[in-house]
Every structure is written in structure tokens, then in C-alpha cells.
Amino acid sequence: MVTSKFAIMGMVICTLITAAGQIFLKLAADNFSPDLSLVFKNYYLMAALILYAIGLVIMTLCYKYGELSVLYPIISLSFIWVSLLSFFWLGESLNAFKIGGVVLTVLGVSFVGKGANGSTKRNTNRSRKR
Amino acid sequence: MINITPLIAIIILIVTSPLGPYGMIFIKYGTKDLRKSIFHPIKNYHLFLGFFMLGVSFILYAVMLRFADVTTLYPLTALGYVWTTFLSVKHFNEKINIYKIIGISLIIISIILVSIGS
């Protein structure tokens, strides 16, 4: 199966949405009360759940058009967005380890993408012959 | 309230680590015919079973966070990448090459780095 470029782009958009969902989940946890009537009034929690649901729908559609072993590791890009969003939005600290992690994640996802069936010319030719 | 030590939390998450990746496998299998999966979900249960497994593994992780620090539990998410790669080779005959192995290794190292840093 050849992984379509749109599926890869869709997964990247999916990580952006789920990263925003995680930030809302953190905000929801900060304002969490176990009272069930208040759980549904916790708008941060609702926003997080809606964003997760949208992300899940996009992910499902992308899975149809690509290899799982390529598309799944792309989810790790959400570390980058979460690190950046929690730095700029929540005011959390950013240190050398986190920055190193972000750089390695980018590299890792790039390698996985290079390994995708259809990403290089040789691979494309081979899969066309099939 | 049941008392779960961090070690037991880690063991529970390691034992249940294939749950999320298997959910992904079921979702991918369910997308083969999306129309059937959505409109005839009882006969074509794979998609929704996948969503359910993903949900259970997410809730399990969230519950275990009550008993152990994020920094201890977060590296365990790396197991998911290994499982997903193995399972997609086994169930969908996807090809593994050196690029994918390097890529996943780098992602796993980055997960460890991020959890050291936080």
C-alpha cells in the first residue's frame, strides 16, 4: 500500500488538534471538581473532548489511505505542539531535554516518512509495477 | 480506595500496553469499508471496537496517573510505537525498513528525553 501525501498531511493536522485538546484537558484538570453536575459545565473538558473527537475522525479517515507503520508514528508530533503551547500559553518552562526531545521527534518522524512505501522514486516505480 | 503503588501502576500499564495499538489495528481494519463500518456497526464491529479499546487504554492511563508521576509513566507510551509497528507488519504485511526503525528509535529516545526534562 502506498501512503498518500494527503494522509500524512491529515495526520499532521490531527496532531495539532489533539495537542490543543491536551492543553484544554490540562486546563480542565486544574478546574476539576468531582461533582457530576459541574463536570458537564466544565467547558474546558467539553472543548477537550470535542477536539479529541474531531482528531479521531480525521485520523480514521487518514488510516484508510496509508500504512499504519508510517501514519501512527506521526502522532508523536503532538509532543512538539504540546511543548510549544504549554510554553507560550501555560507559561511552563522549556529546558534542554525538552528541546532535544522536540528536535529528535522531528528527525524521527522524517525518517519514518522516508521509509514510507512510495516516498522515493525507486519505491514508487516498484509499487506501480504491482 | 484501592492503594496502587507506582510499581504496580507501571506493571499494569506494561501488561495492557498492546490495548491501544490493537485498537489502532482494528480502526485501520474498519476503514477498509467505512460505509459498512458506520451504518452496519454490529456486523462490521472492527471500527467501533477499535475506538472502544483506544478509549479504555486512555482511561486506564489517566487513572494510573493518580498513583504515579507523569515522568514515570510517560516513557511507557513509547511501547505503543513498538507494538503498532510489529502489529502492522503482522496484520497488514507492511514492509519494515531501516528508515522506519531509525525513525521509531529516535521517537522513543525523544520520549525519554522529554520525560527527563519535565
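## Model and confidence

Chain B as a whole has a mean pLDDT of 90, with 98% of its residues at 70 or more. For the complex, the predictor reports a pTM of 0.85 and an ipTM of 0.86.

This is a predicted model in which local features need pLDDT of at least 70 and side-chain atom pairs count only at pLDDT 80 or more, while totals for chains, interfaces and linings use all residues. Residues are numbered from 1 along each chain as its sequence is written, chains are lettered from A and ligands numbered from 1 in the order in which they are written, and side-chain values use heavy atoms, leaving out hydrogens and water.

## Fold and dimensions of chain A

Chain A contains seven helices and zero strands; these are DSSP runs (helices H or I, at least four residues; strands E, at least two), numbered from the N terminus.

The C-alpha trace of chain A spans about 60 × 35 × 15 Å along its principal axes. Its radius of gyration is 18 Å, whereas a compact globule of 130 residues would have one near 14 Å; the value is taken over C-alpha atoms, and the globule rule is 2.2 Å times the number of residues to the power 0.38.

Of the 130 residues in chain A, 40% are buried (under 20% relative accessible area, 1.4 Å probe, protein chains only). Among contacts (heavy atoms within 4.5 Å) in chain A with a separation of 6 or more, 73% join residues 24 or more positions apart.

Definitions and conventions: pLDDT = per-residue confidence, 0-100. Buried < 20%, exposed > 50% of the residue type's maximum accessible area, 1.4 Å probe, protein only.
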